[in-house]
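Please look at the two-chain model shown here, and then work through the questions on how its parts meet.

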There are 2 protein chains.
Amino acid sequence: MKGTYIVGVDIGGTAIKFALIKENGYILKKWETPTARKDNGSYIPEQIAHSVEEKLSEFDLNEEQILGMGAGAPGYVDVKNGIVYEAINLGWENFYLKQKLEEHLNIDTYVLNDANLAALGENWLGAGRDSNDLIAVTLGTGVGGGIIVNGEIINGVNGTGGEIGHITSTPNEGPRCNCGRLGCIETYASATGITRQALQALEKQVSTSLANIHKEKGRLSSKDVFKEAAKGDQTSQMIIDYTADLLGKMLADLAVSVNPSKIIIGGGVSKAGEQLLQPIRKSFQSYALGRIADVCQIVEAELDNDAGVAGAAYYVKQRKQ
Amino acid sequence: MKGTYIVGVDIGGTAIKFALIKENGYILKKWETPTARKDNGSYIPEQIAHSVEEKLSEFDLNEEQILGMGAGAPGYVDVKNGIVYEAINLGWENFYLKQKLEEHLNIDTYVLNDANLAALGENWLGAGRDSNDLIAVTLGTGVGGGIIVNGEIINGVNGTGGEIGHITSTPNEGPRCNCGRLGCIETYASATGITRQALQALEKQVSTSLANIHKEKGRLSSKDVFKEAAKGDQTSQMIIDYTADLLGKMLADLAVSVNPSKIIIGGGVSKAGEQLLQPIRKSFQSYALGRIADVCQIVEAELDNDAGVAGAAYYVKQRKQ
């Protein structure tokens, strides 16, 4: 194989995703492997190294042809030194990931927060192409985010940049968040948050259709809420409208600071597409300064599960130029 | 005169401030001149050029010794092209400031928003020294702001970055802002906003001491509120606490995105010092993620009226390195 490649790695609690990507963005190969979680994730660096070596030899590439490796970790990262301060899902604390990976592989390695890299991935190959200033929001089990300004990720001073799930939507009231405080946007706009709102509606016995699903399946999901709203269930629609209103306001406040050209909504909940995006746009318009809203598009993410590895590779490309 | 100097200019509605600053931050000379506002500010570029030429000759400097000139304008700026989209106080609309200045002076010129440059000035020579990530808030007639991330100002995609005065504190309620929307932080935390709260308290006849001042002087100011609170007036203290609570929440939400090491509070209202900063810190602590609050100091601005010219010079220095 000729040419120069970059390795992108996205370390999750369940699986580690990899990609071999050319500098121009062409993805040569994607693969993944289950995360070795034993002994507080201490085998993960070795596991990554082996998997990369294997794939390089499969493609007849040597380490000199690799410009660098980017790795996303699900936690707070000291980007300068490549240390993961804390990644609860993996059992890491002050984990010297860069150093450990470089002991096994002769490849320059960069470590960042996974959500921040996902934003950068969308910026390179996805919905954020041609944007220098964007906000990416991931509505999954939690609410994550990544912010790009002047073409660069905001990592922050102790790796906590872009943690927008913990922006307070309802000060001093509302559900308690995992972070210990009340009313974080995550407690409303995550899949879990939407489900919680649906279960709360059941308690109030306001929706027959959600109650029927709950009775049938023994559980409710955020998908059910979107499905029932599409069928005309008022309660489900009210949950979506309320959630979108909070999201639109949060994004407007953030956009007033960042003045981005794109806001990219990704994660499982974003699969609802326009059913979610339209009310978010409406709310955003009403809360954002005119000049901010005029230039800012709110769009769905494009890369799905590839955003992390793409962003990891792009970060390397940015450093090596 | 030997050495290389930078010219910093801060164009206000009343006066234009200038400084001749050495690359190391040493301020050789500061001066100012009343703003030539006639004919929609069309003489301002000429005025600036003459004033700079005069000063250079006074200090026996020639244009070749000037690394560049930075100019802050009170409006939205197209930084790339040096065009002021709009500066209402000066009467400018799509005003080609960079081009006009460079027609008069043989000096490379950069144009930015004044509040953003003030943040950069504090970053260079003031309370933000040694910080790469900071938020600066100016509590004056309005609420302005500037955000620095990875050592660079956030100008945004159409020059509206850092307009944090228009973050919504009370969604869909509260006083109407100049921007047309309801409940912007500016309508509470500016000098005008604090005075408005005091006048509202008078209507409710809850504070004898504020009422007495109003009767005596025929008016009330934000300073009176701080003065009476210090003397024990409960209503004045409640106004300060409420304002600080809104500011602390706004800053916490913003800090969760930016993860800064410093938040710098400047402008006339900030002269209240610890009387204002302490309740802001308390509120910030309660709304910010622990990791965010742990590393973020909230401090008073140091440069006062020099922040703008210092930031203008520093921006030139950053570009020319």
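Q: How many residue pairs are in polar contact between chain A and chain B?
A: This is a predicted model, in which local features need pLDDT of at least 70, side-chain atom pairs count only at pLDDT 80 or more, and totals for chains, interfaces and linings use all residues; side-chain values use heavy atoms, without hydrogens and water. Residues are numbered from 1 along each chain as its sequence is written, and chains are lettered from A and ligands numbered from 1 in the order in which they are written. A polar contact is a pair of N or O atoms within 3.5 Å; within protein, one must be able to donate a hydrogen and the other to accept it, and residues adjacent in sequence count only if both atoms are side-chain atoms. With both residues at pLDDT 80 or more, the count between chain A and chain B is 27 residue pairs.

Q: Which helix gives the largest share of the side of chain A that touches chain B?
A: Helices (H or I, at least four residues) and strands (E, at least two) are DSSP runs numbered from the N terminus. By that numbering, β10 (143–149), β11 (152–153), α9 (234–258), α10 (274–287) and α11 (290–295) of chain A each supply at least two residues of the side that touches chain B. The largest share, six residues, comes from α9(A).

Q: What area do chain A and chain B bury between them?
A: The size of an interface is often given as the accessible area lost when the parts come together. Here buried area is the accessible area (1.4 Å probe) that two parts lose on being put together, summed over both. The contact (heavy atoms within 4.5 Å) takes 42 residues from chain A and 42 residues from chain B. With 55% of it on carbon and sulfur atoms, the area buried between the two chains is about 3,400 Å².

Q: How many salt bridges are there between chain A and chain B?
A: A salt bridge is a side-chain nitrogen of Lys or Arg within 4 Å of a carboxyl oxygen of Asp or Glu. Over all chains, this rule gives 22 salt bridges, whereas between chain A and chain B the count is zero.

Q: Which residue of chain A meets R129(A) in a salt bridge that links distant parts of the chain?
A: R129(A) lies in the loop between α4 (114–125) and β9 (134–139), and its partner, 173 residues apart, lies in the loop between β13 (297–300) and α12 (307–320) of chain A. R129(A) counts as partly exposed because its relative accessible area of 39% falls between the limits for buried (under 20%) and exposed (over 50%), taken with a 1.4 Å probe on protein chains only. The side chains meet at 3.1 Å, N to O, and the partner is E302(A).

Q: Is D224(A) buried or exposed?
A: D224(A) forms a salt bridge with K217(A), the closest N and O atoms being 3.0 Å apart. K217(A) is partly exposed, at 43% relative accessibility. D224(A) itself has a relative accessible area of 4%, and therefore counts as buried.

Q: Which residues touch the most other members of the largest nonpolar core?
A: A nonpolar core is a set of buried Ala, Val, Leu, Ile, Met, Phe, Trp, Tyr and Cys residues joined through side-chain atoms within 4.5 Å. Leaving aside neighbours within four places in sequence, the contacts of F284(A) include G248(A), L251(A), I263(A) and I298(A). Of the 100 residues in the largest core, those that touch the most other members are F284(A) and F284(B).
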